[in-house]
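Here is a short briefing on one protein chain. Please keep the sequence and the 3D view open while reading.

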Amino acid sequence: MGYIDEARENHVKKKVEEALRSKMKQKALKECDQYVSKYAECAVGRTLSVVWTCRGQAKELNTCLHQYTNDSVLEKMKKEYMLQQEGKGSLSL
């Protein structure tokens, strides 16, 4: 399958892609809740010093979030969405 065919296969409307991105971010925050809490605890009462004081917690949080918010995850979600749409289309005939 060529690049153009693959691009067409995974193409979804912009609003759908935005919704999928939002869903992906929500899932990531849910999955990484323990790291979010650690970072939030570290940041309490700090302003500028949060950058260097909480660097370790921020790195852990970003590492966790990246597992759930990257291009391959988005492409997988697009494929699942397209399959769902195809299934709905064939059922309505």
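Predicted model: local features only at pLDDT ≥ 70, side-chain atom pairs only at ≥ 80, totals over all residues.

Residues are numbered from 1 along each chain as its sequence is written, and side-chain values use heavy atoms, with hydrogens and water left out.

**Overall fold**
- The chain has 6 helices and 0 strands; helices (H or I, at least four residues) and strands (E, at least two) are DSSP runs, numbered from the N terminus.
- From the N terminus on, the order of elements is α-α-α-α-α-α.
- Of the chain's 93 residues, 18% count as buried; buried means under 20% relative accessible area, exposed over 50%, and partly exposed in between (1.4 Å probe, protein chains only).
- Among contacts (heavy atoms within 4.5 Å) between residues at least 6 apart in sequence, 69% join residues at least 24 apart.

**Helix H2**
- H2 spans residues 14-31, 18 residues in total.
- From first C-alpha to last, H2 reaches 25 Å, close to the 26 Å expected at 1.5 Å a residue; the expected span is 1.5 Å times one less than the number of residues.
- Val16, Leu20, Met24 and Ala28 of H2 are buried.
- Seen down the axis of H2, its buried residues fall within an arc of 110°, so they line one face of the helix; the arc is that of the directions from the helix axis to the C-beta atoms.
- Lys14, Lys15, Lys25, Gln26 and Lys30 are exposed on the other side of H2.

**Leu61**
- Leu61 sits in helix H5 (residues 55-68).
- Its relative accessibility is 13%, so Leu61 counts as buried.
- Leaving aside neighbours within four places in sequence, Leu61 is in contact with Cys32, Tyr35, Val36 and Tyr39.
- Leu61 and Leu29 are 32 residues apart in sequence, yet 9.3 Å apart in space, C-alpha to C-alpha.

**Largest pocket**
- The largest pocket has a volume of about 300 Å³.
- H2 and helix H6 (71-91) each supply at least two residues of its lining.
- H6 gives the most to that lining, with 6 residues.
- By class, the lining of the largest pocket has 6 nonpolar, 1 polar and 4 charged residues; Ala, Val, Leu, Ile, Met, Phe, Trp, Tyr, Cys and Pro count as nonpolar, Asp, Glu, Lys and Arg as charged, and the others, Gly among them, as polar.

How values were computed:
1 Å grid on protein atoms, 1.4 Å probe; cavity = no way out; pocket = protein on both sides within 12 Å on 5 of 7 lines; lining within 4 Å. Points joined across faces, edges and corners; volume = space filled by probe spheres on them.
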